[in-house]
Amino acid sequence: MIKKERKVSDFITKLEALIRRMPEMEPGRERAVSELNKRRAGYIGEQKLDYYLSFLDEKEYWIYHGLRLSNGSQFFQIDTLLLTKEFAMILEVKNWNGTIIFEPEFHQLIRIHNEKEEAFHDPISQAEHQSRQLKKWLSANGFPDIPIEFAVIFSSPSTIIKSPSKQTSKKVMHAHRLLSNLNCIKKSYSIERLNEKQIKKISHTLLKKHVEHEIDVMKYLDIYPDTLLTGVYCPVCSSLPMIFHWGKWHCPTCKSISD
């Protein structure tokens, strides 16, 4: 069952609102649009995964999207957490196109897309770090030690995945392979580590301890307030600004009138 729903992040909403008020020629607008596109793509990728998660038995799997927990002075964030009585599993979701090459020797990932080559942090290491942090969090909150698995999920079936290491294939997969992978993992953990009362208590604590990530979008993108457009947007044509006259808002562009 889904215990924490997936939702559009506040950061995406803030970016959308910010871009509407940025002049076309504002130097920071391109950076803001690029950031928004990247965040939207990530969210869409996570939504694609939800299709496959919908096939899981609601009585066996408890699902949490977008958890952000603290281990003292540091926070760690999990795209999707699956919790069962036998084990937990962390899913790091990527919605990337092109060819993905894992380089285990240097713990980095190379993406080739539109004849452009880019290097990224190894998402396997990222998911592994999250699993260690979750184990630490469970211990700090007085919960039993349970096995924690992790996987990097590529939501687009057209993504080409390459790696010189066979070990990578056990931790990296397309979304459509997740259910088969989970079946194999479940067979390897036949002993229940949590009873009904314990799993409910963990669930309650996860939701209670979750902390939303508040990002100052202006500071993040280094945008100054005095560069933004002010006024009320027209709900019909989105032009700016509307004019308030005789108790109503008038749009000088499309001539619409709003209360």
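**Close-up views of a predicted model**

Glu46 is buried, and so is Arg6. That pair opens our tour of this predicted model, and the legends below take it one view at a time.

**Figure 1. Glu46 and Arg6 meet in a salt bridge.** Their side chains come together with N and O 3.1 Å apart. Glu46 belongs to helix H2, while Arg6 sits in the loop between strand E1 (residues 2-4) and H1. The two partners are 40 residues apart, and their pairing links distant parts of the chain. How accessible is Arg6? Its relative accessibility is 13%, and because buried means under 20%, Arg6 counts as buried.

Figure 2. Is Asp50 buried or partly exposed? With a relative accessibility of 23%, Asp50 counts as partly exposed, whereas Arg6, at 13%, counts as buried.

**Figure 3. Glu118 pairs with Lys116 in another salt bridge.** The closest N and O atoms of Glu118 and Lys116 are 4.0 Å apart. Glu118 is partly exposed, with a relative accessible area of 24%. How many salt bridges does the structure hold? There are 16 of them.

**Figure 4. Helix H1 has a set of buried residues.** H1 spans residues 10-20, and Phe11, Ile12, Leu15, Leu18 and Ile19 in it are buried. Why do these residues share one side of H1? They cover an arc of only 125 degrees around the axis, and this puts them on the same side of the helix. What covers the buried residues of H1? The cover includes helix H2 (29-53) and helix H7 (217-221).

Figure 5. Thr227 is partly exposed, with a relative accessible area of 24%. Which residues does Thr227 touch, leaving aside those up to four places away in sequence? They are Pro23 and Glu26. Met22 belongs in this view too: the C-alpha atoms of Thr227 and Met22 are separated by 7.2 Å, although the two residues are 205 residues apart along the chain.

**Figure 6. Stepping back, the chain has 7 helices and 13 strands.** Its C-alpha atoms fill a box of roughly 70 × 50 × 35 Å along the principal axes. Of the 259 residues of the chain, 40% count as buried. Among contacts between residues at least 6 apart in sequence, 58% join residues at least 24 apart. The chain exposes about 15,300 Å², and carbon and sulfur atoms supply 53% of that area. As for charge, the chain has 38 positive and 32 negative charges, and their mean positions are 5 Å apart.

Notes
Residues numbered from 1 in each chain as written. Predicted model: local features only at pLDDT ≥ 70, side-chain atom pairs only at ≥ 80, totals over all residues. Heavy atoms only, no water. Buried < 20%, exposed > 50% of the residue type's maximum accessible area, 1.4 Å probe, protein only. Helix = DSSP H or I, 4+ residues; strand = E, 2+ residues; numbered from the N terminus. Arc of directions from axis to C-beta. Contact = heavy atoms within 4.5 Å. Areas by Shrake-Rupley, 256 points an atom, 1.4 Å probe, with all protein chains shown as cover. Lys, Arg positive; Asp, Glu negative; His and termini not counted. Charge placed at Lys NZ, Arg CZ, Asp CG, Glu CD.
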